[in-house]
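Student: Could you take me through the side-chain contacts in this model, with a close look at the charged pairs and then the rings? I would like the cut-offs along the way.

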Amino acid sequence: MRSLAPGIKLITSFSRDSWYRFVILLLTFVFYTTYHLSRKPISIVKSQLHRNCSNVIHPADLNITDNDTWCDWAPFDQNNYRNLFGVLDNCFLVAYAIGMFFSGIFGERLPLRYYLSSGMILSGIFTALFGLGFYWQIHSLWYYCLVQALNGLVQTTGWPAVVACVGNWFGKGKRGFIMGVWNSHTSVGNILGSLIAGVYVSSAWGLSFIVPGIIIAVAGVICFLFLVEKIFYYFNLEMGMSISFCGALRIPGVVEFSLCLLFAKLVSYTFLYWLPLYIANVAHFDPKEAGDLSTLFDVGGIVGGILAGLISDYSGGRATTCCAMLIIAAPMVSRTVLFFLSVFLSLLRLWAKCMLLWCGALVNGPYALITTAVSADLGTHECLRGNSRALSTVTAIIDGTGSIGAAVGPLLAGLISPTGWNNVFYMLIAADVLACLVRLKADVYYYFCYC
């Protein structure tokens with residue numbers, strides 16, 4: 001009798017429950033990848049909406065009245081374009097931060113499959129509407145702000161839902177490592193979003209939004225067809241009653257880690273929204289080159305998230321891991337700006353790329369750990385007595401508070417950058433230090449409650 005092929009043996013060695021867990025992990029990874037994929041294009045397109053037109057060859061039949069702004073896209077053709085970009089970012093981020101506090105409550109009371117799939121389809125529509133402004137020749141700031149705000153609201157459906165799904169299917173044992181690997185969807189989405197947007201940014205920037213919009217909408221249909229949201233459906237177990245907002249705040253460590261994430265997200269999202277423009281301005285790259293280079297920061301974020309999860313699993317101290325990485329990240333942020341100001345004027349570009357990778361790992365590592373493993377741990381705290389319905393609300397509170405920092409960071413960058421990029425990075429260093437200080441208190445809570 002012939003033996004089975006090694007691949008078949010490997011497949012049959014896993015139980016049906018293991019395959020369910022793998023599929024859930026894979027599906028939620030893909031779903032949230034598309035969320036970030038659809039958010040990234042705006043940071044790539046910024047350098048196309050306003051650029052130095054004096055260096056661009058204009059068509060011979062075009063009547064030019066201003067040699068410096070003829071190729072810019074109104075209303076971003078004025079000297080206050082950085083402030084307008086900051087307003088555009090905050091229309092999304094403020095709506096996202098406000099909506100996130102309510103999203104978890106809805107997520108606990110509605111079927112997650114319907115909630116997540118509808119949110120993804122609506123996100124695809126609003127993302128595509130931003131790009132259609134290029135083809136419809138829309139030059140109204142209010143149009144783009146409205147589309148961004150509506151997109152920010154519907155994008156809040158993503159994070160509480162996917163974390164609740166994964167938290168329901170996986171226990172605490174290797175949660176840090178599993179969620180560290182899984183959380184790389186954030187960086188993968190940013191990378192794919194940058195690359196896709198970079199393909200079209202110089203020729204037809206509208207497609208930089210329309211293509212990601214189609215992708216996330218298609219993923220929403222897949223979510224509706226295949227997502228099994230809770231392990232309880234598989235094992236036919238009972239679910240607890242949903243927790244109140246104030247009840248979630250009383251869970252030890254929720255407030256402290258929420259404030260920690262506020263400052264950590266401030267740093268991460270400032271990089272997310274402004275790094276391509278910074279590289280284009282300082283290194284004088286075209287929009288596509290700047291977008292491609294900025295992906296190194298996200299590649300570093302993948303490594304940082306996995307490393308943070310692995311260390312926290314084996315050390316038993318998630319807060320200590322986060323604090324240590326942020327302490328090292330503060331000087332790295334300042335060195336990154338100094339190297340870009342000087343290194344790109346020489347031939348040492350390889351070293352600058354390494355700095356971007358390392359900085360991405362240190363900045364995104366703590367952010368990834370808090371939004372995944374820490375949120376899941378707090379959402380399944382022993383005081384809840386096995387009530388898994390609290391996970392979505394706790395996740396929404398932590399990420400909603402962090403999203404306030406995500407909104408404030410890019411706004412401050414838009415206001416401060418005209419005074420010099422150095423001042424933007426000093427702001428990021430200050431936020432990094434504040435995250436460390438707040439996290440020290442969180443470390444005390446976490447140590448006595450979870451270790």
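Tutor: Happy to! Let's begin with burial: a residue is buried under 20% relative accessible area, exposed over 50%, and partly exposed in between, using a 1.4 Å probe and protein chains only. By that rule, Lys265 and Asp399 are both buried. Please keep in mind that this is a predicted model, where local features need pLDDT of at least 70, side-chain atom pairs count only at pLDDT 80 or more, and totals for chains, interfaces and linings use all residues. Residues are numbered from 1 along each chain as its sequence is written, and side-chain values use heavy atoms, with hydrogens and water left out.

Lys265 and Asp399 form a salt bridge, with 2.8 Å from N to O; the term asks for a side-chain nitrogen of Lys or Arg within 4 Å of a carboxyl oxygen of Asp or Glu. This pair links distant parts of the chain, since Lys265 sits in helix 13 (residues 254–283) and Asp399 in helix 17 (residues 390–416), 134 residues apart. Helices here are DSSP runs of H or I with at least four residues, numbered from the N terminus.

The structure holds two salt bridges. In the other, Lys46 meets Asp89, with the closest N and O atoms 2.6 Å apart. Lys46 belongs to helix 3 and Asp89 to helix 4, 43 residues apart, so distant parts of the chain are linked here too. Lys46 is buried at 1% relative accessible area, and Asp89 is buried at 0%.

Now the rings. Rings of Phe, Tyr and Trp (its six-membered ring) pair if their centres lie within 6.5 Å; planes under 30 degrees apart count as stacked, over 60 as edge-to-face, and the rest as tilted. The count comes to 21 aromatic pairs. One of them is tilted: Phe76 with Tyr144, at 6.4 Å centre to centre and 55° between the planes. Phe76 lies in the loop between helix 3 (41–49) and helix 4 (81–109), while Tyr144 is in helix 6 (residues 141–155), 68 residues apart. Phe76 is buried at 1%, and Tyr144 is buried at 1% as well.

Phe92 and Tyr96 give a stacked pair, because their ring centres are 6.0 Å apart and their planes are at 10°. These two residues are four apart in helix 4, about one helical turn. Phe92 is buried at 3% relative accessible area, and Tyr96 is buried at 2%.

Ring pairs also build a cluster whose members include Trp73, Phe76, Tyr144 and Trp205.
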